[in-house]
Amino acid sequence: MAIRYTCRHCETEIGILPFESVKETVLLLQQIDEGEAEQFLTYEKDGALTVRCICEQCEQSLQRFPDYYTLNKWLQ
Ligand SMILES: [Zn+2]
């Protein structure tokens with residue numbers, strides 16, 4: 001099992017967590033609301049878990065154009 005991190009805005013693969021870190025991450029994610037977790041987590045057919053977060057590039061444009069982000073989120 002591995003955890004894959006992808007950017008939820010541009011679909012860029014940020015990285016893959018090694019097995020040792022998976023347990024910790026899962027514990028952390030269990031603390032998130034169930035409804036909220038569904039937005040961020042996808043269980044793949046191969047058993048991997050995809051976490052949708054934000055890449056550095058999008059984070060930067062987010063800080064620069066917060067209005068655009070709000071609009072984008074709203075439309076989804
Ligand atoms: Zn991105």
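The model is predicted, so local features need pLDDT of at least 70 and side-chain atom pairs count only at pLDDT 80 or more, while totals for chains, interfaces and linings use all residues. Residues are numbered from 1 along each chain as its sequence is written, and side-chain values use heavy atoms, with hydrogens and water left out.

### Exercise 1: The overall picture

Task: find how many helices and strands there are in the protein, and what share of its residues count as buried.

Solution. 

Step 1. Start with the elements: the protein has four helices and four strands. Both are DSSP runs numbered from the N terminus, with at least four residues for helices (H or I) and at least two for strands (E).

Step 2. Turn to burial. Buried means under 20% relative accessible area, exposed means over 50%, and partly exposed lies in between (1.4 Å probe, protein chains only). Of the 76 residues, 20% count as buried.

Step 3. Look at contacts, meaning heavy atoms within 4.5 Å. Among the contacts with a separation of 6 or more, 47% are between residues 24 or more positions apart.

### Exercise 2: The zinc site

Task: work out which atoms coordinate the zinc ion, and what geometry the site has.

Solution. 

Step 1. List the donors, which are N, O and S atoms within 2.8 Å of the metal (3.2 Å for Na, K and Ca); water is not among the atoms, so sites may look incomplete. Here the SG atoms of Cys7, Cys10, Cys55 and Cys58 coordinate the zinc ion at 2.2 to 2.3 Å.

Step 2. Check the angles. Four donors count as tetrahedral if all angles lie between 85 and 135 degrees. The four donor atoms of the zinc ion make angles of 107 to 111°, and the site is tetrahedral.

Step 3. Compare accessibility with the cut-offs. Cys7 counts as buried because its relative accessibility is 0%, and Cys58 counts as buried at 13%. Cys10, at 35%, is partly exposed.

Step 4. Count the disulfides, where a disulfide is a pair of cysteine sulfur atoms within 2.5 Å. The structure holds zero.

### Exercise 3: Two salt bridges

Task: identify which side chains meet in salt bridges, and where they sit in the chain.

Solution. 

Step 1. Recall the rule: a salt bridge is a side-chain nitrogen of Lys or Arg within 4 Å of a carboxyl oxygen of Asp or Glu. The structure holds two of them.

Step 2. Take Asp46 and Arg4, whose side chains meet in a salt bridge at 4.0 Å, N to O. Asp46 lies in the loop between strand E3 (41-43) and E4 while Arg4 lies in strand E1, so this pair ties together parts that are 42 residues apart in sequence. Asp46 counts as exposed at 59%, and Arg4 is partly exposed at 24%.

Step 3. Take Glu11 and Arg52, whose side chains meet in a salt bridge at 3.3 Å, N to O. This pair also links distant parts of the chain: Glu11 is in the loop between E1 and E2, and Arg52 is in strand E4, 41 residues apart. Arg52 is partly exposed, with a relative accessible area of 25%.

### Exercise 4: Threonines in the strands

Task: decide whether Thr50 is buried or exposed, and find which residues Thr50 is in contact with.

Solution. 

Step 1. Locate Thr50 in strand E4 (residues 49-53). Its relative accessible area is 6%, so Thr50 is buried.

Step 2. Leave aside neighbours within four places in sequence. Thr50 is then in contact with Arg4, Thr6, Phe40, Leu41, Thr42 and Glu44.

Step 3. Follow two of these partners. Thr6 lies in strand E1 and is buried at 11%. Thr42 is in strand E3 and is partly exposed at 32%.

Methods. Tetrahedral: all angles 85-135°; square planar, octahedral: opposite > 155°, others 65-115°.
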